[in-house]
Amino acid sequence: MLVLGLESSCDETAAAVVEDGRRVLSDVVASQVDIHARYGGVVPELASRAHVVHIVPVMEEALARAGAKLGDLDGIAVTQGPGLVGALLVAVQAAKALAYARDLPLVGVHHLEGHLSAVYLEDEFPSSPHLALVVSGGHTSIIRVDRGGDLAELGATRDDAAGEAFDKVAKLLGLGYPGGIAIDKLASQGDPEAVPFPRAMTRRETGYEFSFSGLKTAVLNWVRENGVPEGQALADLCASFQATVVEVLVRKTRQAAAAEGLDQVQVCGGVAANSALRAELRRAGRDDGFSVYIPSPVRCTDNAAMIAAAGHARLVRGERATKELTATSSFPLPGSLP
Ligand code: KG4
Ligand code: ZN
């Protein structure tokens, strides 16, 4: 069964063709980084316009790379939300038009359900029940994925998402947008113990909640006092900031895995591409005896293959979107994965 996935929730226009929910035949992402970089963040109106320009070429390229024609498709899956509504609408309208013109079944997919499904495109993936650490630009949460796919959020961030913290700190340090990857690179040359930043929400009674806005302020205060560092000092600052985020994420994930009695952990979302987070979670897994599953870095950041994978499961169950399907900027995570 061939499913075309489409995604335009933020600043990537993406299309992918996935076979049987597992085999990626093509995975095309048109990034808008160049457009938004000079503003230090995503400008919603510019994002929508760029999606309009890119959606059809990206779809055509995904089909071409998969060696497939429109007539070969068995269904379409599109990110319905959450995200920027004007951005989401572009892929939603393209998907609806195609589904209508070709009489193809269509499903709307929650963006985080997509991230949670990315791991199933890898050779090795967790069975359920397992724990999922979801860390992206818009979300940070620990979710229990039960047998049958039932989802229970154990905790989330009270303020900034982990990726948002990376992006804001990068902007503060003049590292451009998006900041996660720039900080990751610099941090690999730095001393993570150079600047002792406070670890927020680490007391047991805070459960599995996170807070990253205080850390952002701590970096801001450091910069006000010391100026924006250069060279080795910049690398040290990046490494110290990154280590603080990673330590809190790993600590809470370990606590949750132990308390829930789960021996498999998956990590997904853009921040799951972070090299320190990947390494530290793998180390924690070895120490505590849980297996760690992390998609390859290109499947951690936004892509449409993960949307096709999630949509495939829904299509197989017979779900169909009606022609009323529309973009939903705030869209609660469904209670279960199909
Ligand atoms: O999942 P994603 O592509 O989009 C959302 O759903 O938000 O995540 C994007 C976030 C951005 O904040 C970006 O800075 C962060 O993921 N990110 C990283 C890395 N690569 C992307 N953060 C830390 N280290 C990275 N290597
Ligand atoms: Zn995402």
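Predicted model: local features only at pLDDT ≥ 70, side-chain atom pairs only at ≥ 80, totals over all residues.
I checked where the bounds fall. The domain assignment gives domain 1 as two stretches, 2–116 and 300–316, while domain 2 runs over 128–294. For the contact between them, I noted 14 residues from domain 1 and 16 residues from domain 2.

**Entry: the interface**

Next I asked for the buried area. Domain 1 and domain 2 bury about 1200 Å² between them, and 74% of that is on carbon and sulfur atoms. On the side of domain 1, I find that Leu-112, Leu-116 and Cys-300 lose the most area to domain 2; together these residues make up 49% of what that side buries.

Then I went through the polar side of things. My search for salt bridges across the interface of domain 1 and domain 2 came back with zero. For polar contacts across the interface, I got three residue pairs, with both residues at pLDDT 80 or more.

Which elements give two or more residues to the side of domain 1 that touches domain 2? I wrote down α1 (33–37) and α4 (111–117). Sorting the residues of that side by type, I have eight nonpolar, five polar and one charged.

**Entry: the zinc ion**

On to ligand 2, friends. I see the zinc ion (ligand 2) coordinated by His-111 through NE2, His-115 through NE2 and Asp-302 through OD, at 2.0 to 2.1 Å. Water is not among the atoms, so I keep in mind that the site may look incomplete. Along the chain, the donors of the zinc ion follow the spacing H-x3-H-x186-D. I also looked at where the two histidines sit: His-111 and His-115 both lie in helix α4, four residues apart, which is about one turn of the helix. Helix α4 is also one of the elements I had listed for the side of domain 1 that touches domain 2.

**Entry: backbone details**

Where are the cis peptide bonds that I noted? One joins Ser-128 and Pro-129, with omega about 10°, and Pro-129 lies in the loop between α4 and β6 (130–135). Another joins Tyr-177 and Pro-178, with omega about -10°; I place Pro-178 in the loop between α5 (162–172) and α6 (180–187).

Last, I looked at Asp-20. Its phi is near 55°, a positive value in a residue other than glycine. I find Asp-20 in the loop between β2 (12–19) and β3 (23–31).

Conventions: Residues numbered from 1 in each chain as written. Chains lettered and ligands numbered in written order. Heavy atoms only, no water. Domains from an automatic or database assignment. Contact = heavy atoms within 4.5 Å. Buried area = accessible area lost by both parts, 1.4 Å probe. Salt bridge = Lys/Arg side-chain N within 4 Å of Asp/Glu carboxyl O. Polar contact = N/O pair within 3.5 Å; in protein donor to acceptor, adjacent residues only side chain to side chain. Nonpolar A, V, L, I, M, F, W, Y, C, P; charged D, E, K, R; others polar. Donors = N, O, S within 2.8 Å, 3.2 Å for Na, K, Ca; no water.
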